[in-house]
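Hello,

My notes follow below it.

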Amino acid sequence: MPVPSAKPRRPDHGSATAPRRARMMPPAQAEAFIRALAVANPAPETELTYSDPFTLLVAVVLSAQTTDAAVNRCTPGLFAAAPTPAAMAALGAEGIGPFIRTIGLWQGKARNVAALARDLVEKHGGQVPADRVALEALPGVGRKTANVVLNVVFGQETMAVDTHIFRLGNRCGLAPGRTVREVEDRLVKRCPPALLRDAHHWLILHGRYVCKARAPECWRCVARAFCNYRDKVLAPPA
Ligand code: SF4
């Protein structure tokens, strides 16, 4: 009797908290990986809609555990109603809530946005501070949010590690690390300084659209030649 053939193994590509880890790339390979992303997208930008430092700060706070697209659907109404820290503080959490009910954790976010707007008015003259310590002291603002604001608005060479960059850094061997901070520190160390600001965007966009959580789309990855991941997916699903 013929023995049934074994089913082909389906690789487990890991999870957000426990991504698969590859051998760390040597520095020259890491630079080549980042340069390949750079060539494909020479002028990367955040996908969040904003018009000034304050609206970017609020959009990033709202984007925690939510997609940028979901945030962009609710911020036009919110920013029209409250375009400045003073107006946002006056709107208060009760007034902010109805604009952002469609995004996750909206009640806590409404409280944080109202409180951070109040702090900006009372402690920073209504301006977003260009300083990590001051930013991280604002309600709802952690290291990742501060890194995004410092990078995008103030031109600082920071690397905000979100779930996409954490997975990508581990999976391809660019910057393996057990914690978000380990991945951030490795990326800052390994990225050529001139590319660091844009690398934040390249890596987020690459993780979001190509090196996806459930299965990476390696067949269309421009940096594939430099990636150390062993279970590359070299063809689209049939
Ligand atoms: S080759 Fe695949 S695993 Fe490696 S970075 Fe590209 S998409 Fe991700």
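**What was found**

The protein has 10 helices and zero strands. Both are DSSP runs: helices are H or I with at least four residues, strands are E with at least two, and numbering starts at the N terminus. From the N terminus, the order is α-α-α-α-α-α-α-α-α-α.

Two notes on the source. This is a predicted model, where local features need pLDDT of at least 70, side-chain atom pairs count only at pLDDT 80 or more, and totals for chains, interfaces and linings use all residues. Residues are numbered from 1 along each chain as its sequence is written.

Overall form: along the principal axes, the C-alpha atoms fill a box of roughly 75 × 45 × 30 Å. Of the 238 residues, 36% are buried (20 or more other C-beta atoms within 10 Å of a residue's own, C-beta atoms being placed from the backbone).

Domains: the assignment, automatic or from a database, gives domain 1 (27-44 + 158-226) and domain 2 (53-152). Their C-alpha centres lie 27 Å apart. Seven residues of domain 1 are in contact with five of domain 2 (contact: C-beta atoms, placed from the backbone, within 7 Å). On the domain 1 side, three of these residues are nonpolar, two polar and two charged.

Classes: Ala, Val, Leu, Ile, Met, Phe, Trp, Tyr, Cys and Pro are nonpolar; Asp, Glu, Lys and Arg are charged; the others, Gly among them, are polar.

Best regards

How values were computed. Buried ≥ 20, exposed ≤ 12 C-beta atoms within 10 Å, placed from the backbone. Contact = placed C-beta atoms within 7 Å.
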